[in-house]
Amino acid sequence: MIRFTSFQFRIQAAIAVGVLVLVAIVVAITGPHLIHLYDTTVANCKAKGDCSSAKAALSSSDSFLQTALGELLLVVPALIGLFWGAPLIAREFETGTFRLVWTQSVTRMRWLAVKLGIIGLTSMAVAGLASLMVSWWFSPIDKVNVSQFTSFDERGIVAIGYAAFALAFGVTAGLLIRRTLPAMFATLVAFVGARLAVTYWVRPHLMAPVKTAIPLHVIFGTSLEQNSATGLAFFEPVNIPNAWIYSNEVANNSGHAPSAKFLESACHSLLSAPSGGVQSNTPTPNPNSGFPECFARVAAKFHQVVIYQPASRYWAFQWYETAIFVGLAVILAGFCFWWVRRRLV
Amino acid sequence: MTAALETSGLGKQYGQKWALHDCTLAIPEGKVVGLVGPNGAGKSTLLNLAVGLLAPTSGTIEVLGGRPSDGPSQLGGIGFVAQDTPTYEGMSVAKHLRMGAWLNPHWDSELAERRIKQLGLDPLQKAGALSGGQRAQLALVLALAKKPEILILDEPVASLDPLARREFLQTLMEVVAEHGVSVVLSSHLIADLERVCDYLVVLVASHVQLSGDVSALLVSHYHLSGPRRKRSTLPANQEVIEESHTDKQSVFMVRSDDPIIDPAWIVKPVTLDDLVLGYMRQAREAEPHGRPDLGVLR
């Protein structure tokens, strides 16, 4: 059965190897260039005194490849579900060949076990290898961007879980619907649905976030904002590298944000400055603008309250999410075994 | 008589419809059994239950004394040629034989290759490019080379042209003669069965209307024609299967274990065709609503 499955699966496997080799070639050609760029511009940017433009240049280089490789990891698991999962049993029903293959001297359970085993492991290996290459390629850019959670599902090990789930769902849909095209459609809908649901409803609740109160500092982006809708507000950007920020507020000890009235009086000189400059968007605000005064008065009473997931939890999140999708895949596979044995046909 | 296939109260339900209901029958081993019946009688359902592709809703079925699909050895004992003889379109004839070798521990590759050669099939040809007759032949080779104790064929010739049909049945007769394997063959073409079967089961609405050795059935049934007379005037040992009357004449088909000696009758032997149609009609007349309401498989 293993040899028969390998034989039937050889073309799909060859396509997968082809795609992986193609990605490997692209990554091998362009990846060292990014590392070189990092080493020559960002690594010694402090000495040259201009880190922000060096970082911006690196993170915007190869923008087409950045998009393509990132999306590759989103698309590969879906393709596995659509083209490997959905037809696996549905095709046998459509062509009637289940009557041929399930009446050989191999039980349906063994047939399914070998099929799911070989194709499942291949799927996870393909997703894992693709993710490994993409993660390596992105490593210089990720070091600069320090926002690892924004590319959470395009790096690391989660793609392995996505691939396992997509395959198992495709197989299940094919088993129940018995037609390839509708099963593919159902797989696509379910995969996108499950990914969105986990991303927005499950992932943020996997671990209780950390709440921290930090004194205000003047950093790049610290500003007094005049917003026509909400009025005056004081803004302090978050400076926690690679953290996943849930919320960021400027508040006093009782949790209230500075009122417009308070800001008007505290920052009177800034607001009445001839330039009309309300903000300070430079790291070292002009001392004559009135901003330092304004800041000192705000910082005396208020601090920054950040609710976030620390960077150190990144891999825990990766493992949790992978486990969720692999767990779903195992449940679906178990259902397939039960259905094939008890309910079919 | 050991039973190759034995069922008791066997039923298969799809939603509200019974494709097979309360079917009790026994098919003896070592015979070439023809299973005939009108469409919807449950033939295909019965055979799919026999090979374990379907699970019964009620009742029991045993093939070679075992439960269908009860492990590899039970599967290995049955060679199955499914309706429309499915094969993998993109796989060559030779690869189908490899599949057989991979999936069956008792695979006889010498037999398979010899048969393919005899049939004149190109081993490198894709199964999708074969004619219907060639595909059916390939399916038969696959079923045979796994060395089964019983071959079960579900309407193998229904979709074939007359020539291909004849060739297929010719091959079937050869393999039966060569390997002495039991065969259960379903068909609604009685002429086909006449050529190959030595045992007949007529299934109408899940019930066995008639079963027995073909030769014994043929000698125990008679066509009687003569002056018009009522059915009730026939002797008790003559069971009327079918009757028709004109103003002056009566024609009966009767079953009788004793010879017909009434000189008023012109006695003629029956053909298998007469026999099967007679019993099917008898079943239909017994059913008040015409054809029984049974779903068709597929």
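Mentor: Let's start with a distance: the C-alpha centres of domain 1 and domain 2 of chain B are 34 Å apart. The bounds of such domains come from an automatic or database domain assignment, and for chain B that assignment gives 3-212 as domain 1 and 216-286 as domain 2. Keep in mind that this is a predicted model, where local features need pLDDT of at least 70, side-chain atom pairs count only at pLDDT 80 or more, and totals for chains, interfaces and linings use all residues. As for labels, residues are numbered from 1 along each chain as its sequence is written, while chains are lettered from A and ligands numbered from 1 in the order in which they are written.

So who touches whom? Eleven residues of domain 1 of chain B contact nine residues of domain 2 of chain B, where a contact puts the C-beta atoms, placed from the backbone, within 7 Å. On the domain 1 side, the elements giving two or more residues are α7 (190-196), β8 (199-204) and β9 (207-213) of chain B. Helices here are DSSP runs of H or I with at least four residues, strands are runs of E with at least two, and both are numbered from the N terminus. That domain 1 side has eight nonpolar residues, two polar and one charged. For these classes, Ala, Val, Leu, Ile, Met, Phe, Trp, Tyr, Cys and Pro are nonpolar, Asp, Glu, Lys and Arg are charged, and the others, Gly among them, are polar.

Now zoom out to the chain around it. Chain B has nine helices and 13 strands. Its radius of gyration is 21 Å, close to the 19 Å of the globule rule for 298 residues, so chain B is as compact as a globular protein of that length. That radius is taken over C-alpha atoms, and the rule is 2.2 Å times the number of residues to the power 0.38. Along the principal axes, the C-alpha atoms of chain B fill a box of roughly 65 × 40 × 35 Å. Of its 298 residues, 43% count as buried, meaning 20 or more other C-beta atoms (placed from the backbone) lie within 10 Å of a residue's own. Among chain B contacts with a separation of 6 or more, 70% come from residues 24 or more positions apart.

Chain A is worth a look for context. Its domain 1 is in two pieces, 2-207 + 313-343, and its domain 2 is 217-301; their C-alpha centres lie 44 Å apart. Chain A has a radius of gyration of 27 Å, whereas a compact globule of 345 residues would be near 20 Å. Its C-alpha atoms fill roughly 90 × 45 × 30 Å along the principal axes, and 34% of its 345 residues are buried.

Finally, the chains touch each other too. That contact takes 15 residues from chain A and 22 residues from chain B. On the chain A side, α1 (2-8) and α6 (98-101) each supply at least two residues. By class, that chain A side has six nonpolar, seven polar and two charged residues.

Definitions and conventions. Two residues are in contact if their C-beta atoms, placed from the backbone, lie within 7 Å. A residue is buried if 20 or more other C-beta atoms lie within 10 Å of its own, exposed if 12 or fewer, and partly exposed in between; C-beta atoms are placed from the backbone.
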